[in-house]
Structures are given as C-alpha cells and as structure tokens.
Amino acid sequence: MARPGWGILATGGIAHAFARDLIAEGFTVAAVGSRRLEAARSFAAEHGIPTAHGSYEELVADPAVEIVYVATPHSHHAESALLAIAAGKHVLVEKAFTLTQRDARRVADAAAEAGVVVMEAMWTRFLPHMIRVRELVRSGALGEVRTVLADHTQSLPLDPAHRLQNPELGGGALLDLGIYPVSFAVDVLGLPQGIRAHAALTATGVDRQTAMILDYADGRQAVLHTALDTAGPNRAAVIGTRGYLEIERTFYAPTVATLFDERGEVVERIAPVVAQRGMQFQAAELEARVAGAEPTSLPIEETVAIMGVLDEVRRQIGVRYAPDDDA
Ligand SMILES: NC(=O)c1ccc[n+]([C@@H]2O[C@H](COP(=O)([O-])OP(=O)(O)OC[C@H]3O[C@@H](n4cnc5c(N)ncnc54)[C@H](OP(=O)(O)O)[C@@H]3O)[C@@H](O)[C@H]2O)c1
C-alpha cells in the first residue's frame, strides 16, 4: 500500500532536518509550503520534493498531502495546526505543541471533531533507547522509582529579535528546551501533584534559565533544569529503590542509556544504532495512528496535560505570552 504523503509547513531549521530524515528513510514527502514561494522552491529543490507552495493555505489544500508537519515557531503552532485540521489533514505539530494549555485543548478538540490524528512532535518519546527506558521503568527493574533528574541547556542566539528571545514568538528556554525534561518526567512519573519553579529572565522578558521541582505522592520528585545561554551535560537519570538508569548526553536524542543496580554494577547497556537524526520514529508513530493503531506513547491528552504543567511553571516565573491575555 502507498504511504501517506507528507506536507512540510514552513522552511526553517528543523523543517530541513525533518525532511532529510523522512526522505532518507523512505517516507513520501509530497510537498512543502512557505510564506514565500521562493523559499518553498529552494527547499523543494534541495530535498527533491515534487511540489512547492507559496502559502500554507495552498499546502494544506494539496490533495497529495495527507499529513502536515508543522514547523513554525511555537507562537504559530495552533494557527498552523488548525489550518491543516480544517483542510481534513492529520497533523504532527512541533514542540512545544502550543503556547498555552487552552490553545492545546482547542487544537485537540478540533482534530477530534474533524476525525483526524494530531500529535506533538516530541520525537524523544519514540526513539529506541527511550522505548527501552520506558519498558525497564514499567517492569519494576529499578524497584520503586523515586526520582527523575534531567536538564536541557543550549547556547542559543542572544539576538533579541531571534525567536528564542522574542516573547511574541514564544521565546524562552522552557517551551523550546525545558519541554524535554518536563515531558520525560511526566513519561516516567506521570503528572505531578505539585510544581515549584524559579527562573531568571532575559531583558526581553522570557526565561533565560529555569529550575523546576515536580512533586508526587510519597515524596517522589523530578528535579529539572533548562537554560538557553549555556550548553551543559543534557543528561537524565531515573533513580529507584533497586537501581538507577543513566541516559547519557544528549538524553533527548539518539544516545546510550545504562541500567545499574543499587551497588552501581551495570545490569544492561542500551545502545541502539539509529540512522539519521532520529526524527523518522515519530513520523512512523503518526502513520501507524492514522492506520488505526493506538498511541505507543504521548496520546494527545497527555500533550494537553503537559501544556498545563508549562502554564503553571510560567505563572510562577512570570513569563506571559499573548494568548494568556485571552484567558
Ligand atoms: N524536534 C526538534 O529537535 C526541534 C529542533 C529545533 C526546533 N524545533 C521546533 O520547531 C519549531 C521551529 O523551530 P526552527 O528552529 O526550525 O525555527 P526557524 O528556523 O526560525 O524556522 C521557523 C519557520 O517558521 C516559519 N514562520 C512562520 N511565521 C513566522 C514568523 N512570524 N517568524 C518566523 N518564522 C515564521 C518560517 O518559514 P517560512 O518562511 O517558510 O514560512 C520559518 O522559517 C519550534 O517550535 C521549535 O521548538 C524542534
């Protein structure tokens, strides 16, 4: 059976990486759309994509496109996803899914009403080492899991006009980088019962660095950190009463993880070989959902719930985006 056709919405940095991975792995990339026809044409020529559209509207209307990959800045995810859903297309939306939980709810509800699949492009969840980490955690191999530690820091552009510094484009460490440790903690421990967050902001009013503690029943905790002006270890650990898992740099991308027992002896080394950057696994998950499979991880309601965690962190650290004013 022919694979569904993908349409790439926007031509920025991650759109290139995504197109490269999908094409190398034999997916059908049918079209690309940009606000500027020239940008779409040059993207299509670079990747050998058959059709280039000079607007997002034309892209989502293309009958060869069954699934739209949204790669605009976070501030535009809801609008781009709703455009695709209104055209009857399935959608993979880059992280952070939206700016607010309210917007996430709107997108999830619109997809349900239209009978299409929508999924957050939290690619980490579908990487082979993470699948094994999840299996081990759920199997009880670590005993009772008590703690998650994770950080995501990168040295990113400090230009105040850059999307990561600009509140109008959803700038800040939390939604771009901090989403990874938060999503990982929720994957392992579930939704927290309490949230404590502390941040230092940039001159533009977004978070430069944010520390978070997620509290769970019986004193279990996730201790998480993110920053956009320094590059750190980007590692994660899951600590249980009978052992711990260490996920090496860079924990959210294809990497190596090790299971240790409580004396620090290696029990299992997880080192899958991954072709490309690793963005193809989430695309395969979405294609499977479109074909009727149940989610293997991160159903859309979990994404909506995670956006609620990010809302609460932002409330505590004083970072506001335009849609907060509609609430
Ligand atoms: N999964 C990952 O590993 C990963 C990595 C990096 C980023 N991301 C996510 O992907 C999204 C895009 O990030 P990126 O780094 O690719 O951003 P980027 O390089 O700035 O590209 C964003 C693209 O969005 C389009 N766009 C539409 N409205 C825009 C506006 N008002 N201002 C700027 N661009 C606008 C533009 O494409 P056109 O000009 O073609 O319309 C632009 O090229 C973000 O949500 C980010 O969190 C994910």
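Select Tyr180, Phe184, Phe251 and Tyr252: ring pairs link these residues into a cluster. Rings of Phe, Tyr and Trp (its six-membered ring) are paired here if their centres lie within 6.5 Å, with planes under 30 degrees apart counted as stacked, over 60 as edge-to-face and the rest as tilted. The coordinates are those of a predicted model, in which local features need pLDDT of at least 70 and side-chain atom pairs count only at pLDDT 80 or more, while totals for chains, interfaces and linings use all residues. Residues are numbered from 1 along each chain as its sequence is written, and side-chain values use heavy atoms, with hydrogens and water left out.

**Aromatic pairs**

The structure holds six aromatic pairs. Select Phe18 and Tyr69: the ring centres are 3.6 Å apart and the planes stand at 15°, so this pair is stacked. The pair joins distant parts of the chain, since Phe18 belongs to helix 1 and Tyr69 to strand 4 (residues 67-70), 51 residues apart. Helices (H or I, at least four residues) and strands (E, at least two) are DSSP runs, numbered from the N terminus. Both Phe18 and Tyr69 are buried, where buried means under 20% relative accessible area, exposed over 50%, and partly exposed in between (1.4 Å probe, protein chains only).

Phe251 counts as buried at 0% relative accessibility, and Tyr252 is buried with a relative accessible area of 10%.

**Arginines over rings**

A charge is taken to sit over a ring if NZ of Lys or CZ of Arg is within 6 Å of the ring centre and within 35 degrees of the ring normal. Select Arg3 with Phe27: Arg3 lies over the face of the Phe27 ring, at 4.1 Å from its centre. Next, select Arg277 with Trp123, where the charged end of Arg277 sits over the ring, 4.6 Å from its centre.

Select strand 1 (residues 5-9) and strand 2 (residues 28-33). These two strands pair in the parallel sense over five bridges; pairing requires that DSSP find at least two bridges between the strands. Gly5 stands opposite Thr28 in strand 2. Five of the six residues of strand 2 are buried, so this strand is largely enclosed by the rest of the structure.

Thr51 in strand 3 is the bridge partner of Ala31. From strand 2 the chain crosses through helix 2 (residues 37-47) to strand 3, and this β-α-β crossover is right-handed. Right-handed means that, with the strands pointing away from the viewer, the path from the first strand over the helix to the second runs clockwise. Strand 1, helix 1 (residues 13-24) and strand 2 likewise make a right-handed β-α-β unit.

**Helix 1**

The buried residues of helix 1 are Ala15, His16, Ala17, Phe18, Ala19, Asp21 and Leu22. Among the elements that cover them are strand 1, strand 2, helix 2, strand 4, strand 5 (90-94) and helix 8 (280-290). Gly26 follows helix 1 and has a positive phi, near 85°.

**Ser183**

Move to helix 7 (residues 173-189) and select Ser183. At 1% relative accessibility, Ser183 counts as buried. Leaving aside neighbours within four places in sequence, Ser183 is in contact (heavy atoms within 4.5 Å) with Met122, Arg125 and Ile306.

**Backbone features in the loops**

Most residues other than glycine have a negative phi, and most peptide bonds are trans. Select Lys95 and Ala96, which are joined by a cis peptide bond with omega about -15°; Ala96 is in the loop between strand 5 and helix 5 (101-114). The peptide bond from Arg249 to Thr250 is also cis, with omega near -5°, and Thr250 is in the loop between strand 12 (243-247) and strand 13 (257-261).

Asp218 has a positive phi near 65°, lies in the loop between strand 9 (207-215) and strand 10 (221-227), and is exposed, with a relative accessible area of 62%. Asn234 has a positive phi near 55°, lies in the loop between strand 10 and strand 11 (236-240), and counts as buried at 2% relative accessibility.
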